[in-house]
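Okay, thanks for making time, everyone. Let me put the model up, and then I'll talk you through it.

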Amino acid sequence: MQFHHHGYVSGDPRIQPAAGTGIDRPEELPDQVDVLIVGSGPAGMITAAQLSQFPGITTRIVERRDARLAIGQADGIQARSVETFQAFGFAQRITEEAYRIVEMAFWKPDPADPARIIRTARPEDDPTVISEFPHLIVNQARVLDYFAEFMRNSPTRMTPDYGFEFEDLEVTGDGEYPVKVTLTHTAGELAGTPRTVRAKYVVGADGARSRVRRAIGCTLAGDQARHAWGVMDALAVTDFPDIRLKCAIQSGGGGSILLIPREGGHLFRMYVDLGEVPPDDNGAVRRTTLEQIIAKANTILSPYTLDVRHVAWHSVYEVGHRLSDRFDDVLPDEVGLRTPRVFITGDACHTHSAKAGQGMNVSMQDGFNLGWKLGHVLEGRSPEALLSTYSAERQVVAKNLIEFDKEWSTLMAKKPEEFEDPSELEDFYVRTGEFPMGFMTQYSPSLLVAEPVHQHIASGFPIGKRFKSAPVVRVCDGVPLHLGHQATADGRWRIYVFADTAAPGAESGVAALADWMANAAESPLAATPQGLDPDAWFDVVVIHQQKHTRIDIGDVPGVFRPPVGPFRLTNYEKVYATDPAADIFDLRGIDRAGAVVVVRPDQYVANVLPLAATAELAAFFAPQLLARPVGSA
């Protein structure tokens, strides 16, 4: 973490200096905003947190509750989400307080006595080490707290505006703020009073019953699986031996349980199978009592018993799989004719069962995808066409999630005797691990993702997939670290330059590329406005093949050692060497002749190019950048 480049800092370095809209930020919700986010769940909060890094943009997030969420229904945090938390600066802290899943136990009827359950398998959660980040369980409310802290500490000093319920909106097309939003105060002396806010853009993160979705005419299509589950967060005394392990439990005749231990050492969540729901049920299953859920759990756990002492929260739900026909307000016959003004994210776009642990995780990636794009457009970095990529990219991800969840929830609901292979459930869990962990997403070629013409020179960084980190050594101080972990959620593009074999100071592909990036009018760095640090829009780093002790940092081209801050101090922390114990070139299949790996602000690989492909690098960024110097491409 760097924090002295603007002068000596003696306080908490996570608190950034207030700037732009964060200076004298009004407590009251303004009449006009750049971005209005509706709903302070995971999708809304990560969108706001990303936008909080853009000081020139007025972003407000409204929530119908009158205070922070106390207890959330979501709790599973997949490795991709923890990787994202790293970019927002709180992965380590939330990991310390969370429950960590490293194994999963599978219980089935004892063949000798089907009335009893026995443990049949206990596979590792990530046996092939897909990620260096853990799989966590932690209350959704704590995730929101950490995003709220990040927002408060940001240059914009952003905080949620509690006590406002969304009623309706109209895209008028008039003036600078073309979206007219009607809200209602839900708390305090003004409760029940309407309020109108005008916005440039609106983000609906207001859940499965989204009013924003309704206002822009989107529809959810899908089906009900007609299978009900009771869920409870409980404290109990039990003789079941795996009460502190994630478990899939199938009984001989009583149904199934998905057991999720919770953070704090005592609390656990149980999804208890309540069976098929008749077509004429008319919601009766939703009136299943807590006592009935507990009794059902005891039947499934036999011969073990569960003495529930306290329940923090419980509910009954039916599995449903629904997907919105679009994720923004552009109608099918308007595609290509105008760009979006209103977006929906998270549960407003896609609903599914809770048992795959995907709801909060996919919702946050929706918000991360959208937040930086809004920031770049509103700051004048990029054209409005960038915003059309949000729905195109995230709708495909949601569709894949629903298809996966249908298969997983169907397997969880099957009776043991219905499986052709007794190990089918655990085999599916292990075989498909990369998907629920969040690493199967691969965006298709678009304005933001290049065709994989040169993929072979960096095969371990698939274009369209998230940048998979690897160990390196920082040259200036010899510190070993993970390359990807140095990228923060600051809205910048990353350009990773993997050097050829020549040492710094000699003629090489890297030296020629560095000269072009620093001096050519068509270089993407030339788009950075005067007065900003040279790395304000693009974080350019180099990774050398030599051991760090063999590199003279004074010989490294200046584009990798930019001057920063008002004192124009040299940033030495962009020059890396390979880790002898885990060479990143070998780990990620990088050609020893070198490569350029371009990574989006939301951590997805956008392009892979040879060192000499400056024309292709310029052509990739040209349609994404508005602030080009006069006479440049």
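Quick housekeeping. This is a predicted model, where local features need pLDDT of at least 70 and side-chain atom pairs count only at pLDDT 80 or more, while totals for chains, interfaces and linings use all residues. Numbering runs from 1 along each chain as its sequence is written, and side-chain values use heavy atoms, with hydrogens and water left out.

Now the overall picture. We've got twelve helices and 27 strands; those are DSSP runs, H or I of at least four residues for helices and E of at least two for strands, numbered from the N terminus. The radius of gyration is 26 Å, close to the 26 Å from the globule rule for 633 residues, so the protein is as compact as a globular protein of that length. That radius is taken over C-alpha atoms, and the rule is 2.2 Å times the number of residues to the power 0.38. Along the principal axes, the C-alpha trace spans about 75 × 60 × 50 Å.

How much of it is buried? Of the 633 residues, 57%, where buried means under 20% relative accessible area, exposed is over 50%, and partly exposed is in between, with a 1.4 Å probe and protein chains only. As for contacts (heavy atoms within 4.5 Å), take those with a separation of 6 or more: 73% of them are between residues 24 or more positions apart.

Most residues other than glycine have a negative phi, and most peptide bonds are trans. Well, the bond from Ser 302 to Pro 303 is cis, with omega near 15 degrees. Pro 303 sits in the loop between α6 (290-301) and β16 (306-324).

Then there are two positive phi values. Asp 24, in the segment before β1 (32-38), has phi near 55 degrees, and it's exposed at 72% relative accessible area. Asn 282 also has phi near 55 degrees. You'll find Asn 282 in the loop between β15 (268-276) and α6, exposed at 71%.

Back in that segment before β1 we also have Pro 17, exposed with a relative accessible area of 63%. Leaving aside residues up to four places away in sequence, Pro 17 touches Pro 155 and Arg 157. Compare Thr 501: from Pro 17 that's 484 residues along the sequence and 41 Å in space, C-alpha to C-alpha.

Last thing, the annotation. An unreviewed UniProt entry puts "domain: Phenol hydroxylase-like C-terminal dimerisation" at residues 441-624. UniProt positions are in the numbering used here, feature names are shortened, and annotations may be inferred rather than shown by experiment. In the model, that span is 12% helix and 21% strand, and its end C-alpha atoms lie 22 Å apart.
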